[in-house]
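Biologist: I'd like to learn how to read a protein model. Could you walk me through this one?

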Amino acid sequence: MDRRPLRLKSDQNMLEAIEVASGFVGETIPVIEEPGGKMIGVVSESDLFSAYLEIQESKFRMSKSSASA
């Protein structure tokens, strides 16, 4: 069993964050600034899901507008 705490680095992108969170059961994941290891925030599953949906909606609007042009 891996005993290292689950965390996200501040420079990780959305896909990396989703991959980390996919195996996580809990409320939030700390976001750590590297170097230094200072906690700068937390991310919830809801935060990731909402951001993902916003990205997908934006991509849909862009493809719809380019198809009608």
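Modeller: Let's start with a definition: the radius of gyration is taken over C-alpha atoms, and the globule rule is 2.2 Å times the number of residues to the power 0.38. For a compact globule of 69 residues that would be near 11 Å, but the protein here has 16 Å. Its C-alpha atoms fill a box of roughly 50 × 25 × 15 Å, taken along the principal axes. Keep in mind that this is a predicted model, where local features need pLDDT of at least 70, side-chain atom pairs count only at pLDDT 80 or more, and totals for chains, interfaces and linings use all residues. Residues are numbered from 1 along each chain as its sequence is written, and side-chain values use heavy atoms, with hydrogens and water left out.

Biologist: How many helices and strands are there in the protein?

Modeller: Both are DSSP runs numbered from the N terminus: helices are H or I with at least four residues, strands are E with at least two. Here you get two helices and three strands, and along the sequence they follow the pattern β-α-β-β-α.

Biologist: In what order do the three strands form the sheet?

Modeller: Two strands pair if DSSP finds at least two bridges between them. In this open sheet the order is β1-β2-β3, with mixed pairing. The edge strands, β1 (8–9) and β3 (38–44), each pair on one side only.

Biologist: In which sense do β1 and β2 pair?

Modeller: β1 and β2 (residues 28–33) are parallel, over two bridges. Leu 8 stands opposite Val 31 in β2, and the bridge partner of Lys 9 is Ile 32. As a general idea, side chains in a regular strand alternate between the two faces of the sheet.

Biologist: And what about β2 and β3?

Modeller: They pair in the antiparallel sense over six bridges. Glu 33, for instance, stands opposite Lys 38 in β3. The hairpin of these two strands has four residues between them, and Gly 36 takes a positive phi near 110° there.

Biologist: How much of the protein is buried?

Modeller: Buried means under 20% relative accessible area, exposed over 50%, and partly exposed in between (1.4 Å probe, protein chains only). By that cut-off, buried residues make up 13% of the 69.

Biologist: How many positive and negative side chains does the protein have?

Modeller: Lys and Arg count as positive, Asp and Glu as negative, while His and the chain ends are not counted. Each charge is placed at NZ of Lys, CZ of Arg, CG of Asp or CD of Glu. The protein has 8 positive and 11 negative side chains, and the centres of the two sets lie 2 Å apart.
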